[in-house]
Amino acid sequence: MNPFIRIVLSSLALMSSVAFAVEFKQVQTNESTVTFAYKQMGVTMDGTFAKFAAQASFDPAKLAKAQARIDIDLASIDTGSSDGNDEVAGKQWFNAKAYPSAGFISTGVKALGGNRYEARGKLTIKGKTLDVIAPFTFQSTAARGVFDGSFTIRRLDYNIGEGVWADVGTVADEIQIKFHLVVNASPAKK
Amino acid sequence: MNTPIQRYNNTAMALHWLVALLVFAAFPLGVYMHDLPLSPTKLQYYSYHKWIGITILVLAVTRVVWRITHTPPPLPEAIPRWEVVVSHITHLALYGLLLAIPLSGWLMSSAKGFQTVWFGLLPLPDLVGKDKALGDLLTTVHQGLNLMLFLLVGMHIAAVIKHKLIDRDQILERMLPKGMSK
């Protein structure tokens, strides 16, 4: 091989490996969302959590080191109606005075092929911690990565909605939680 | 009376009395549920109220179609002209309210972000997006129209009583099945 071409090729290879050696870890909270959907009397309702804090470090080339943590401020919930917001802060629902936040801490990330992944972790709500699996997709440009995923929990597993609200015929047990996280890249340390 | 009573046909009677029954269920339910504290019962009552309301809307449309395609039995000739005019206006307004009230409720639900799913099975499209100010306005409209309905139904029933007890004519019998009146 012509030595000149060899230099070009090897520098290209080096450049590409540099380009891939980025870790996405600066969560852009203002561009990210955590929302949920549930059924009430058979009608799908959408809600959001306006305030949450998130930390992530994700390098598709080093999944074993991937980490994520999300803490949701439960008082920032919007269930779709102001009556509902007051209600879910109460004792029978989140008991937000005693348990102001809900948190997810990842325990591992698995590749599912393509841009699909699966995060495993522990979800803590109202003092109860359970394992959850959240499939997500990851799309990135050089400087910016976007995680989109969702998973479904059963609210009664966490005692969300006690007493009369334990009746899942009115407010369904399944709550779908959806996340959209925008994370900027920071160059990986060598 | 020697002349046989000319009645509404069975379809018209069935529609009239079914709508009457549903209005007498939906109206008090609406007044009652409004002030309940939030509970599963309240959510259920709201759904039932909305299901009944949409049913009334469908039946009211059917009634308008029936009315356009049929001639109602004639009124007794003894009735003064002004009473005929007032009764036409009242009936026209009642038809209008039977359409407008469920429609305002449907729009209000959409504006407040609660889609209407008829009997929990058939989702109705949200004709307006979620909008708090519009939702509050439509609540006022829905309540105002219901107040008008309350007054007009009161007039409707008062007129029946007047015709029965004072005029002693057979206005009511036109809307009653044969077996139920002499």
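Helices here are DSSP runs of H or I with at least four residues, and strands are runs of E with at least two, numbered from the N terminus. This is a predicted model, where local features need pLDDT of at least 70, side-chain atom pairs count only at pLDDT 80 or more, and totals for chains, interfaces and linings use all residues. Residues are numbered from 1 along each chain as its sequence is written, with chains lettered from A and ligands numbered from 1 in the order in which they are written.

Start with chain A: you'll find two helices and eleven strands, running α-β-β-β-β-β-β-α-β-β-β-β-β along the sequence.

Next, select Ala56(A), Ile70(A), Ile72(A), Leu181(A) and Val183(A). These have the most contacts inside the largest nonpolar core, which has 39 residues. Such a core is a set of buried Ala, Val, Leu, Ile, Met, Phe, Trp, Tyr and Cys residues joined through C-beta atoms within 7 Å; buried means 20 or more other C-beta atoms within 10 Å of the residue's own, with C-beta atoms placed from the backbone. Color β11(A) too, as the largest share of this core, five residues, comes from there.

Now hop to chain B and pick Val23(B), Ile52(B), Ile101(B) and Leu149(B), which are among the 18 residues of a second, separate core.

Finally, show where the chains meet: the contact (C-beta atoms within 7 Å, placed from the backbone) takes 13 residues from chain A and twelve from chain B. On the chain A side, helix α2 (residues 82-89) gives the largest share, three residues. For the complex, the predictor gives an ipTM of 0.79 and a pTM of 0.84.

Definitions and conventions
Two residues are in contact if their C-beta atoms, placed from the backbone, lie within 7 Å. A residue is buried if 20 or more other C-beta atoms lie within 10 Å of its own, exposed if 12 or fewer, and partly exposed in between; C-beta atoms are placed from the backbone.
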